[in-house]
Amino acid sequence: MHLSDRLGDRNNHFNLLRVSAALVVLLAHSYVLKGAVMWFDLLVHGYPLSFGGMAVNAFFVISGFLVTGSLFQRHDINLYLWSRCLRIFPGLWTMLIVTVFGFGLALTTLPAADYLGSPKTHEYFWRGATLFNGVRYYLPGVFENNAADGQFNRSLWTLPLELRMYAILAFGWIVLAAAPTIRLAAFRILAPLAAGAGFLSIGVDFWREGQFNLGAMNAAMFAAGATIFLHAGRIRLSRLALPVLGAVLLLGTMSKPALLYVYMPVFPLFVLIAAYARGGPPRAFEPKGDYSYGVYIYAFPIQQTLIALKPDISPELLTILAIAVVFPVAMLSWRLVEKPALARKSAFAAATRNAFGSLKARFAA
């Protein structure tokens, strides 16, 4: 069986992988926000990777794979754009309203009028709501006494990059609209070139300077996920595939400098084959929805709030309490905001087509 044979199979582990990745990011932030060392992290032991960074990489691999699949299986750029916007913005806007005018207003040391009238509050909200030109991380008078870090929601840094990846994919689709017969072939060449160039640049930076750009790694992982979808017909699935890839990653840890070079080509395949693995976790453990986005965007301000309320909280207790609070919030976000918004994508796409059709008819007349 090839990976392409499983592309329409809903019996997969994508939701479980994504929510697990979001929880790993939450765990890593618990230690960072307490100024503590996560003793079991690879980075602490001299490796060039961290578990939190790997979890974010997994998000981008899965996103590149599924988003590219959505575009090429439906062949509808209008529906694609609505799907991407409705996946990101309704949940994001709701979170910003809840946290900026709920958490922030309740916890700021400034008078309410000064907080609400501050240019920093306005900039934080509008940058976060649009994701253009990056986001801001501080709100006036909020979390200033949190010892390790006073940022309000550091997790949002990946969202503008995610949006750019969507836009680049759409741009390539539109540019090649004049030659639809070669579109698939072109993407099959361009996607691996983008991934390879990204990984090569990261490898060179690490070899020269001992470090690399995290944003570049995430972008390359997105391109790698897209590449795997586009070449799914060439990737064989077997019961040995996942153990072999896992063994290769483990062997890579034998050399700290070399791990990065092993990790970059192997990790995307490992994640996506794990998503379709037979005999994986029982279906009872699969989330009933995609709660990962809610966990990801709400966790940081919830963790900071818990620290503000109990400054001496340990990273371990912070993790437990944050999960207990954020998971119900994420479930509500999915059921009340994200899922209903996504259910409207076809209607919005149809309305857009009709509107453009009417404009085209008027111009023709």
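In this predicted model, one aromatic cluster is formed by Phe 14, Phe 65, Phe 229 and Tyr 276. The structure holds 19 aromatic pairs, and among them is the pair of Phe 14 and Tyr 276, whose ring centres are 5.3 Å apart and whose planes stand at 90°, so that the pair is edge-to-face. Because Phe 14 belongs to helix H1 (residues 14–33) while Tyr 276 lies in the loop between helix H10 (256–275) and helix H11 (292–309), this pair ties together parts that are 262 residues apart in sequence. Phe 14 is buried, with a relative accessible area of 4%, and for Tyr 276, which is buried as well, the relative accessible area is 4%.

Rings also take part in another kind of arrangement here, in which a charged side chain is placed over a ring. Lys 256 lies over the face of Tyr 47, at 5.6 Å from the ring centre, and the charged end of Arg 344 sits over the ring of Phe 348, at 5.8 Å from the centre of that ring.

What does Leu 92 touch, if residues up to four places away in sequence are not counted? Its contacts are then Gly 128, Leu 131, Leu 156, Leu 159, Tyr 293 and Ile 297.

Thr 227 is found in helix H8 (residues 214–230) and has a relative accessible area of 15%, so it counts as buried. A polar atom of the side chain of Thr 227 lies 2.8 Å from the backbone oxygen of Ala 223, and, when residues up to four places away in sequence are not counted, Thr 227 touches Ala 191, Pro 192 and Ala 195. Leu 269, found in helix H10, is partly exposed, because its relative accessible area is 25%. Leaving aside neighbours within four places in sequence, Leu 269 is in contact with Ile 228, Ile 235 and Leu 245, whereas Phe 152, which is 117 residues apart from Leu 269 in sequence, is 34 Å apart from it in space, C-alpha to C-alpha.

It remains to look at the whole chain, which has 13 helices and zero strands. The radius of gyration of the chain is 22 Å, close to the 21 Å that the globule rule gives for 365 residues, so the chain is as compact as a globular protein of that length. Along its principal axes the C-alpha trace spans about 65 × 60 × 45 Å, and 49% of the 365 residues count as buried.

Methods. Residues numbered from 1 in each chain as written. Predicted model: local features only at pLDDT ≥ 70, side-chain atom pairs only at ≥ 80, totals over all residues. Heavy atoms only, no water. Helix = DSSP H or I, 4+ residues; strand = E, 2+ residues; numbered from the N terminus. Buried < 20%, exposed > 50% of the residue type's maximum accessible area, 1.4 Å probe, protein only. Polar contact = N/O pair within 3.5 Å; in protein donor to acceptor, adjacent residues only side chain to side chain. Contact = heavy atoms within 4.5 Å. Phe/Tyr/Trp six-rings, centres within 6.5 Å; stacked < 30°, edge-to-face > 60°. Lys NZ or Arg CZ within 6 Å of the ring centre and 35° of its normal. Rg over C-alpha atoms; globule rule 2.2 N^0.38 Å.
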